[in-house]
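Please consult the sequence and the structure alongside the text.

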Amino acid sequence: MADITLTITNEVGLHARPAALFVRAASRYPDTRVEIIKNGRAQNAKSILGVLTLQVTRGTTIQVRADGPHADDVLKSLHDLVVSGFRE
């Protein structure tokens, strides 16, 4: 199991479009379990509803945890997406 800590810096946080991009990136690795954690509350990072229910806003720090054969790959992909500001 691997994990990273990320701070969301884009204007709208993980709302509609950025959340969809986040879920899409996590879902590229079907054999790897991915969770997003905010304030100790974990959700499936491959579920749009799970991600949206965390209400991640700008400036929020989240933890992303991955377990499976592509854990490092999915974490790098999500890190790059967040650092790019969700390509906005």
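The points below are grouped by topic.

The model is predicted. Helix H3 spans residues 71–83, and its buried residues pack against strand S1, helix H1, strand S2 and strand S4. The salt bridges come to 4 in number, and a nonpolar surface patch of about 260 Å² is also present.

**Helix H3**

- Helix H3 comprises 13 residues and extends 18 Å from its first C-alpha to its last, close to the 18 Å expected at 1.5 Å a residue.
- The buried residues of H3 are Ala71, Val74, Leu75, Ser77, Leu78, Leu81 and Val82. Viewed down the axis of H3, these buried residues fall within an arc of 160°, so they line one face of the helix.
- Exposed residues on the other side of H3 are Asp72, Lys76 and Val83.
- The packing partners of the buried H3 residues are strand S1 (2–7), helix H1 (16–27), strand S2 (33–38) and strand S4 (61–67).

**The segment after H3**

- Gly85 follows H3 and has a positive phi, near 70°.
- Arg87 is located in the segment after H3 and is exposed, its relative accessible area being 55%.
- When residues up to four places away in sequence are not counted, Arg87 touches Arg17, Leu21 and Leu81.
- Between Arg87 and Leu21 there are 9.6 Å in space, C-alpha to C-alpha, although the two are 66 residues apart in sequence.

**A buried loop residue**

- Thr32 belongs to the loop between H1 and S2. This threonine, Thr32, counts as buried, because its relative accessibility is 1% and the cut-off for burial is under 20%.
- Neighbours within four places in sequence aside, the contacts of Thr32 are Lys46, Ala66, Asp67, Gly68, Pro69, His70, Ala71 and Val74.

**Salt bridges**

- Glu11 pairs with Arg58 in a salt bridge whose closest N and O atoms are 2.9 Å apart. The pair links distant parts of the chain, with Glu11 in the loop between S1 and H1 and Arg58 in the loop between H2 and S4, 47 residues apart. Glu11 counts as exposed at 58% relative accessibility.
- Glu35 and Arg65 form a salt bridge through their side chains (3.3 Å, N to O). Glu35 is in strand S2 and Arg65 in strand S4, so this pair ties together parts that are 30 residues apart in sequence. Glu35 is buried, with a relative accessible area of 16%, whereas Arg65 is partly exposed, with a relative accessible area of 25%.
- Asp80 and Lys76 meet through their side chains in a salt bridge (2.7 Å, N to O). Because Asp80 and Lys76 are 4 residues apart in helix H3, about one helical turn separates them. Asp80 is partly exposed at 36% relative accessibility, while Lys76 is exposed, with a relative accessible area of 52%.

**Nonpolar surface patch**

- Ile48, Leu49 and Leu52 make up a nonpolar surface patch of about 260 Å².
- Leu49 is situated in helix H2, which covers residues 48–53. The relative accessible area of Leu49 is 62%, and the residue is therefore exposed.

Methods: Residues numbered from 1 in each chain as written. Predicted model: local features only at pLDDT ≥ 70, side-chain atom pairs only at ≥ 80, totals over all residues. Heavy atoms only, no water. Patch = residues over 30% accessible without salt bridge, like charges linked within 9 Å, V, L, I, M, F, W, Y side chains within 5 Å. Areas by Shrake-Rupley, 256 points an atom, 1.4 Å probe, with all protein chains shown as cover. Helix = DSSP H or I, 4+ residues; strand = E, 2+ residues; numbered from the N terminus. Buried < 20%, exposed > 50% of the residue type's maximum accessible area, 1.4 Å probe, protein only. Expected span 1.5 Å × (residues − 1). Arc of directions from axis to C-beta. Contact = heavy atoms within 4.5 Å.
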